[in-house]
Amino acid sequence: MSKAGSSISRIAFLLLVYNFTHSGIDTTGIALAETVPYVLFGLIGGITADKRVKKTILIFLDGVQGTILVATTMVYAVHGLTYFSILIITFLIETAGCFYNPASRAMLTMLISSPDRVPANSLVDLSARGTQLVGPAAVYFLLHWIGFRAFFAADSVTFFLTAGLILFLHIPPMDRPPQSTSRSRNVVMTVYEPIAQFAKFAWKTRDLRNLFIATSFVVFSIHGCGKSAYC
């Protein structure tokens, strides 16, 4: 439910900026604001999900995202949205997703017994792909009949409904954050120090360096074309 709403708002922000500015560069800035959080915080999200109560994380982040979108709807209604504010809103919503998605996946393994996890994960993936079809179809309906305000209002509703559903889930008592010890390292250093060491090694190795450059170029080109296609 929340992923369907998110797919609507992502398209909405792109269309809104392009409608305001008619600038491909400004629209690309929004696409980057949707992508950069996963580069910065994507690796930390999984560690955070392991160290915190997952149900609490999901409810909190759903509430935060829903509140942000309610505020966005109100600001848009009084014509107060600016390009910079849209950048910030987009960045915050996608940052929440960096922590929400790993917690959601981790909690699934706690609700489903081991023999049923393969079909359960398949159903989750199927529903996620389905939202990619529902989102664009809903965009046309909402934009044609109601306008941009409906994008953000509809998305906020999906987040609040999702938080309500998760609130009533029965989670086994094993979902407790592990006890911290004096030897525990800083999360950022734990994640990024080995990556920095590998990046330094890869940059000095010509074949690896060329592979990463080529892969990055292809991925960002495809991602950018996909975003601009909406406009």
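Helices (H or I, at least four residues) and strands (E, at least two) are DSSP runs, numbered from the N terminus. This is a predicted model, in which local features need pLDDT of at least 70 and side-chain atom pairs count only at pLDDT 80 or more, while totals for chains, interfaces and linings use all residues. Residues are numbered from 1 along each chain as its sequence is written, and side-chain values use heavy atoms, with hydrogens and water left out.

**Whole chain**

Start with the protein chain in cartoon view. It has eight helices and zero strands. From the N terminus on, the order reads α-α-α-α-α-α-α-α. Of the 231 residues, 34% are buried. Buried means under 20% relative accessible area, exposed over 50%, and partly exposed in between (1.4 Å probe, protein chains only). Now think about contacts, meaning heavy atoms within 4.5 Å. Among contacts with a separation of 6 or more, 84% join residues 24 or more positions apart.

**Stop 1: H1 and H4**

Select residues 2-21 for H1 and 83-111 for H4. Their axes come within 11 Å and cross at roughly 155°. Axes are lines fitted to C-alpha atoms, for helices over the stretch in contact, and angles run from 0 to 180 degrees between N-to-C directions. H1 and H4 are therefore roughly antiparallel. The cut-offs: under 35 degrees is roughly parallel, over 145 roughly antiparallel, 65 to 115 roughly perpendicular, and the rest oblique.

H1 passes H4 in a left-handed crossing. Left-handed means that the near helix is turned anticlockwise from the far one by less than a right angle; clockwise is right-handed. Show the side chains in this contact, including Phe13 and Leu16 of H1 and Ile89 and Ile93 of H4. The contact residues divide into eight nonpolar, three polar and three charged. Here Ala, Val, Leu, Ile, Met, Phe, Trp, Tyr, Cys and Pro count as nonpolar, Asp, Glu, Lys and Arg as charged, and the others, Gly among them, as polar.

**Stop 2**

**Stop 3: H3**

Select residues 54-77. H3 has 24 residues and reaches 35 Å from its first C-alpha to its last. That is close to the expected 34 Å, which is 1.5 Å times one less than the number of residues. Its buried residues include Ile57, Leu58, Leu61 and Leu69. What do the buried residues of H3 pack against? They pack against H1, H2 (24-51), H4 and H6 (148-167).

**Stop 4: alanine 49**

Alanine 49 is in H2. Is alanine 49 buried or exposed? It is buried, with a relative accessible area of 2%. Beyond its neighbours within four places in sequence, alanine 49 contacts Lys54, Ile57, Pro102 and Ala103. Draw a distance to asparagine 101, 52 residues apart along the chain: the C-alpha atoms are separated by 9.1 Å.

**Stop 5: two histidines**

Most residues other than glycine have a negative phi. Go to histidine 22, where phi is positive, near 50°. Histidine 22 lies in the loop between H1 and H2. Its relative accessible area is 58%, so histidine 22 is exposed. Next, select histidine 79, in the loop between H3 and H4. Its phi is also positive, near 60°. Histidine 79 counts as exposed, at 74% relative accessibility.
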